[in-house]
Number of protein chains: 2
Amino acid sequence: MNDYSNKHLISINSHPLGRPYVDLIRNHPPRFAVSTRIKCVQCAVRRTGPCSALTTETANELSRIVHRRRIPAGQVLYGGADHQKTFSIIVDGVVKLVNMQPDGGNQIVGLQFPSDFVGRPFADDTGLIAEAATNLDVCAFSGSAFETLMQTHPDLERTIFKRTLDDLDAARRWMFMIARKTAEERVASLLVLIAGKLNGDTADDAASVSDLEFALPLSRTEIAECLGLRLETVSRQFAALKAEGVIATGRRRGIRVCDLTSLAARAQGHAQLMA
Amino acid sequence: MNDYSNKHLISINSHPLGRPYVDLIRNHPPRFAVSTRIKCVQCAVRRTGPCSALTTETANELSRIVHRRRIPAGQVLYGGADHQKTFSIIVDGVVKLVNMQPDGGNQIVGLQFPSDFVGRPFADDTGLIAEAATNLDVCAFSGSAFETLMQTHPDLERTIFKRTLDDLDAARRWMFMIARKTAEERVASLLVLIAGKLNGDTADDAASVSDLEFALPLSRTEIAECLGLRLETVSRQFAALKAEGVIATGRRRGIRVCDLTSLAARAQGHAQLMA
DNA sequence: CGATGACTTGACTGAGTTCAAAAGCTGTGG
DNA sequence: CCACAGCTTTTGAACTCAGTCAAGTCATCG
C-alpha cells in the first residue's frame with residue numbers, strides 16, 4: 001500500500017497511466033509552442049485518433065501538413081478574440097469547450113481527450129472557445145490546409161463527420177445529466193467519465209478497480225462549470241465521496257477511485273442500493 | 001383587437017403563420033402515413049432545407065428516392081424498439097429528440113423545425129429517439145438509399161455535415177441554458193426560440209412584436225422535459241409571464257407574445273431591468 | 001352528462017446556492 | 001529555513017428557488 005490516504009497524498013509520479021501528468025499539472029512558465037515534425041508511427045494516439053480511419057494516402061497527405069506542438073494550459077485553441085483557424089488532434093492532455101458569458105458565469109459544454117479532434121470547420125465564431133485545461137501535446141493543422149485537404153479527400157471529411165456525430169450524441173447525453181441528475185450523481189458521473197477517458201476506456205471495470213488513480217485535469221471551479229453547480233457544492237460532494245471511501249484525494253488534484261463500482265452506481269443514482 | 005385575452009382565447013385559425021397548425025393540434029385519428037411523390041418546386045422549405053444547398057444533379061437524385069409523408073403526432077421517426085433507419089427533412093411540424101430513461105424521467109435534448117434534417121447516419125442506436133411532437137409533413141428517405149447517395153455525392157454529405165455541426169452548436173448553447181438559467185429565464189428562452197423558429201426566423205424583432213401568436217407544439221410536460229424543470233414549475237412561470245402581460249394564452253396551446261422585447265430580456269435574465 | 005387527460009394552484013420541503021471565514025498549497029524572497 | 005502573499009479548497013450557517021405532494025379547475029370527447 002502506498003502513501004495515498006483518505007487524508008492526503010500520493011506520489012503522482014507513480015500513477016498507472018504512465019503519462020506525464022505531473023508535468024501537465026505544474027504551472028510551467030508558458031514556453032513557446034514547440035513545433036516539430038514527427039513520425040506518426042511513434043504517435044501515442046495513432047490507433048484511436050481520426051488518422052487511424054484514413055487511407056494511407058490521405059494519412060500521408062495529412063502528415064505533410066501537421067506540426068506537433070506543446071501548448072501550455074490556459075491557451076485558447078480556437079474561438080475568442082483571435083479567430084486564427086486551426087485544427088488539432090489531442091495527443092496528450094485535456095481541452096475544455098467553454099461557453100463564455102459576458103456576465104461572468106462560464107459553462108463548460110464539452111471536454112476533449114487524447115485522440116479527440118478539436119476544431120470547428122465551416123464557421124468562424126460559434127460563441128464557444130476551446131481552451132487547454134492542462135498542458136497539451138497536439139498535432140496541429142492550419143485551417144486552410146486542413147479544409148482544402150477535406151475537400152479533396154472524402155475519407156478525411158467523413159472521419160471528421162463521424163466524430164462530430166459522436167460529439168453530438170455525447171453533448172446530448174451530457175445535457176441529460178445536467179438537467180436531471182442530483183449534485184452527487186453529476187460529480188460521480190464526471191469522475192467516471194474522466195477516469196474512463198484517461199485510461200483510454202480500455203480497462204474493463206472490474207479489473208481496474210484496484211488502482212485507478214490519476215490527476216484531475218480540472219479545478220473545482222471548472223468541475224462546477226461542467227456540471228452546472230457551484231464550486232462549494234462540488235467540494236462538498238467530494239468530501240462526501242471521500243468520507244464514504246469511494247474515492248481518496250491526493251495532493252495537487254491527485255485522485256484515486258477506490259470503488260469504481262460504487263462510484264458508477266452513484267452516477268446512476270443508486271447510492272442507496274450500495275452496501 | 002381580436003378575442004385573445006389574458007384570460008383566454010383566440011381563433012387559432014387566424015394566426016399569422018399561415019400554417020395548418022390547427023390541424024396539427026387536434027388529435028386526428030392517426031391515419032396511415034400518406035406517401036406521395038411531389039415536386040420540389042412546390043416545397044415549402046425548398047429555400048431553407050438541406051436540398052437547397054445541393055447541385056441540381058444531386059437534388060434530382062434525391063428527389064428520385066424521396067417520399068412525402070404525413071406523420072401523426074407521437075410517431076417515432078428513429079430510435080427506440082424498431083430501428084428502421086430513415087432520414088427525413090421536416091416540411092411542417094416539430095420533432096422532439098428524447099433521451100428516454102428506463103426509470104421514467106425523459107429529457108428532450110433537441111427540437112427540430114421545418115427545413116431541419118432528422119436522422120442519425122452511421123449509427124443505429126444512440127439511446128435517443130426522434131418523435132413527432134405535432135403532426136408532421138416530411139420528405140422521407142430510406143436509410144440505405146440515402147446513405148448510398150451520400151457516399152457518391154460529396155455535396156450531400158457535406159450539407160448534412162454542416163447541419164450536424166450547427167446542431168452541435170445549438171446543443172451546446174442549450175446546455176448552457178439548462179445549466180445556468182433560472183426557471184423564468186428557461187421558459188422565456190424556449191418561448192423565444194419557438195416563436196423564432198415558427199416564424200422562420202424571418203421577422204426582425206421590432207417589427208413582429210405586434211402580433212406574434214402561434215400554437216405551442218409542446219405540452220407543459222414536454223416543455224418541462226426540455227428545460228429540466230417540473231411541469232408545475234413551467235405552469236407557474238407561464239402564469240407569472242401572463243400576469244405581467246408579457247404573454248397571453250389561448251385555447252389549445254394557443255399563445256401570443258405581447259411583448260417580445262421583455263420576453264427576450266427575461267430570457268437573458270434581465271427581468272428586473274424592464275419597466 | 002360524466003370520464004379522461006391537461007393544466008393550474010397551494011402549502012410545504014429540501015437540495016443547492018449564497019455569503020463568509022478558515023485552512024491548505026505553492027511559490028517568492030529574505 | 002521561515003514568513004508571507006496569492007491562490008484553491010474546505011467548511012459553516014442561513015436562505016431560496018424549484019421540487020414534491022395534493023387538490024382543484026378546465027377542455028374535450030364519448
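In this predicted model, helix H2 (residues 56-65) of chain A packs against helix H3 (residues 143-152) of chain A at an angle of about 170°, and their axes are 10 Å apart. Angles over 145 degrees count as roughly antiparallel, and H2(A) and H3(A) are therefore roughly antiparallel to each other. The other topic here is DNA strand D and the protein residues around it, 19 in number.

**Where H2(A) meets H3(A)**
- From H2(A), the residues in contact are Glu61(A), Leu62(A) and Ile65(A), and they meet Ala145(A), Phe146(A) and Leu149(A) of H3(A).
- Sorted by class, this contact has five nonpolar residues, one charged residue and no polar ones.

**The surface near DNA strand D**
- Of the atoms of DNA strand D that come within 4 Å of the protein, 67% belong to sugar and phosphate.
- At least two residues of this surface come from each of three helices: H7 (220-227) of chain A, H8 (231-243) of chain A and H8 (231-243) of chain B.
- H8(A) supplies the largest share, with five residues.
- By class, the surface has eight charged, seven polar and four nonpolar residues.

**Side chains at the phosphates of DNA strand D**
- For Ser235(A), the distance from a polar side-chain atom to a phosphate oxygen is 2.6 Å.
- Arg230(B) has a side-chain N or O atom 3.2 Å from a phosphate oxygen of DNA strand D.

Terms used. Residues are numbered from 1 along each chain as its sequence is written. Chains are lettered from A and ligands numbered from 1 in the order in which they are written. This is a predicted model: local features need pLDDT of at least 70, side-chain atom pairs count only at pLDDT 80 or more; totals for chains, interfaces and linings use all residues. Side-chain values use heavy atoms; hydrogens and water are left out. A residue is near a molecule or strand if one of its heavy atoms lies within 4 Å of it. A polar contact is a pair of N or O atoms within 3.5 Å; within protein, one must be able to donate a hydrogen and the other to accept it, and residues adjacent in sequence count only if both atoms are side-chain atoms. Helices (H or I, at least four residues) and strands (E, at least two) are DSSP runs, numbered from the N terminus. Ala, Val, Leu, Ile, Met, Phe, Trp, Tyr, Cys and Pro count as nonpolar, Asp, Glu, Lys and Arg as charged, and the others, Gly among them, as polar. Axes are lines fitted to C-alpha atoms, for helices over the stretch in contact, and angles run from 0 to 180 degrees between N-to-C directions. Angles under 35 degrees count as roughly parallel, over 145 as roughly antiparallel, 65 to 115 as roughly perpendicular and the rest as oblique. Contact means heavy atoms within 4.5 Å.
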